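User: I have a model open and want to learn how to read it. Can you take me through the main features, one at a time?

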Amino acid sequence: MMATLLHAAALTICFFGIAISAPTTPVPCCTPDQWEGVMGLIAGYVDHKTPGIEKGYVSLSYDYTHGLMELCQHISITPGIRDDRRVIFDYSHGNGKMYTIKGKTCTVVDLPGKMRQQCIPDNATYTGSFFMGSGNNTLLANLFSITTQGLKAEVSMTSKDCIPVGETIYGTIIEGVAILETVGFVNITTGIKDPSIFDIPSICKTVDAKFQMPVVLGGAIGHLMEKYKK
């Protein structure tokens, strides 16, 4: 399973170089309001001249309709660090809360504002299109370039329904810490198979929320930002 996911992520890089012309210039889009899938990731980073590698996968369920999202990640980081955690974002009662479950512990953080819809931002630049498959069995995808907070991203979404395909993120997180991360999305289905996946575990219900805004980023970027945030 792991090899398949990481291979899918690697293929995403290759596809970036096979652009074709779209009939009309695609515009930024938003994913379906409810979907589930798996993202495989592999990343390299340099932390003040010390290099490192991260790889793994994250299963996710996204429900914008009800203001809920759940992530279950399994990440390995050199040297020999393993990070398995489950994260639930709950905006169903107005302002959000983020529940992070690791083993038998739970931390809760307040999230100001409303849940953000997963969209390509309006200021993204369309850079080309490509297709996967062959013959009559092809899938067209569009590429967008995004720049934010010192990071650049190349993101690909299917032309139909705006389903995520892959992304490459690179740049400097903070001074002295650089990152290159590639993500590939597989097994995407629309809708939520089992809504109980968003149920808050009992161990989280007795924990007081911390009144702070966390850095909510995935993969190596999230780990490094969490390491250096004050």
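User: Let's begin with the sheet. How many strands form the sheet, and in what order?

Analyst: The general idea comes first. Strands of a sheet pair through backbone hydrogen bonds, either parallel or antiparallel. Now the case here, in a predicted model. The sheet is open and has 11 strands. Read across, the order is β6-β5-β4-β3-β2-β1-β11-β10-β9-β8-β7. The pairing is antiparallel.

User: Which are the edge strands?

Analyst: An edge strand pairs on one side only. Here the edges are β6 (105–111) and β7 (125–134). From one strand to the next, the twist averages 20°.

User: How do I place the sheet within the whole chain? What pattern does the protein follow along the sequence?

Analyst: Count the elements, then read them in sequence. The protein has 2 helices and 11 strands. The pattern is α-β-β-β-β-β-β-β-β-β-β-β-α.

User: What should I know about side chains along a strand?

Analyst: In a regular strand the side chains alternate between the two faces of the sheet.

User: And the turn in that hairpin: which residue takes a positive phi?

Analyst: Glycine 135 does, at a phi near 60°. The hairpin of β7 and β8 has 2 residues between the strands.

User: Next, charges. How many salt bridges does the structure hold?

Analyst: There are 6 salt bridges. Begin with glutamate 36 and lysine 193, whose side chains meet at 3.5 Å, N to O. This pair links distant parts of the chain, 157 residues apart. Glutamate 36 is in strand β1 (residues 34–47), while lysine 193 is in the loop between β11 (177–190) and α2 (219–228).

User: Are these two partners buried or exposed?

Analyst: One of each. Glutamate 36 is buried, because its relative accessible area is 9%, under the 20% cut-off. Lysine 193 is exposed, because its value is 66%, over the 50% cut-off.

User: What else does lysine 193 meet?

Analyst: The lysine 193 side chain makes a polar contact of 2.9 Å with the side chain of threonine 189. There is also a spatial relation to tryptophan 35. Lysine 193 and tryptophan 35 are 158 residues apart in sequence but 9.1 Å apart in space, C-alpha to C-alpha.

User: Which residue forms a salt bridge with arginine 86?

Analyst: Glutamate 70, with the closest N and O atoms 2.8 Å apart. Arginine 86 lies in strand β4 (residues 81–90) and glutamate 70 in strand β3 (residues 68–77), 16 residues apart. Arginine 86 counts as partly exposed at 22% relative accessibility. Glutamate 70 counts as buried at 4%.

User: How does the pair of arginine 82 and aspartate 84 read?

Analyst: Their side chains meet in a salt bridge of 3.1 Å, N to O. Arginine 82 is partly exposed, with a relative accessible area of 46%. Aspartate 84 is also partly exposed, at 34%.

User: Which residues are linked in a network of salt bridges?

Analyst: Asp83, Arg85 and Lys102. Treat them as a group when you inspect the model.

User: Finally, the whole protein. What share of the residues counts as buried?

Analyst: Of the 230 residues, 42% count as buried. The protein exposes about 12,800 Å², and carbon and sulfur atoms supply 57% of that area. For contacts, look at sequence separation. Among contacts with a separation of 6 or more, 53% are between residues 24 or more positions apart.

Note on methods
Residues numbered from 1 in each chain as written. Predicted model: local features only at pLDDT ≥ 70, side-chain atom pairs only at ≥ 80, totals over all residues. Heavy atoms only, no water. Pairing = 2+ DSSP bridges. Helix = DSSP H or I, 4+ residues; strand = E, 2+ residues; numbered from the N terminus. Axes fitted to C-alpha atoms, helices over the stretch in contact; angles between N-to-C directions. Salt bridge = Lys/Arg side-chain N within 4 Å of Asp/Glu carboxyl O. Buried < 20%, exposed > 50% of the residue type's maximum accessible area, 1.4 Å probe, protein only. Polar contact = N/O pair within 3.5 Å; in protein donor to acceptor, adjacent residues only side chain to side chain. Contact = heavy atoms within 4.5 Å. Areas by Shrake-Rupley, 256 points an atom, 1.4 Å probe, with all protein chains shown as cover.
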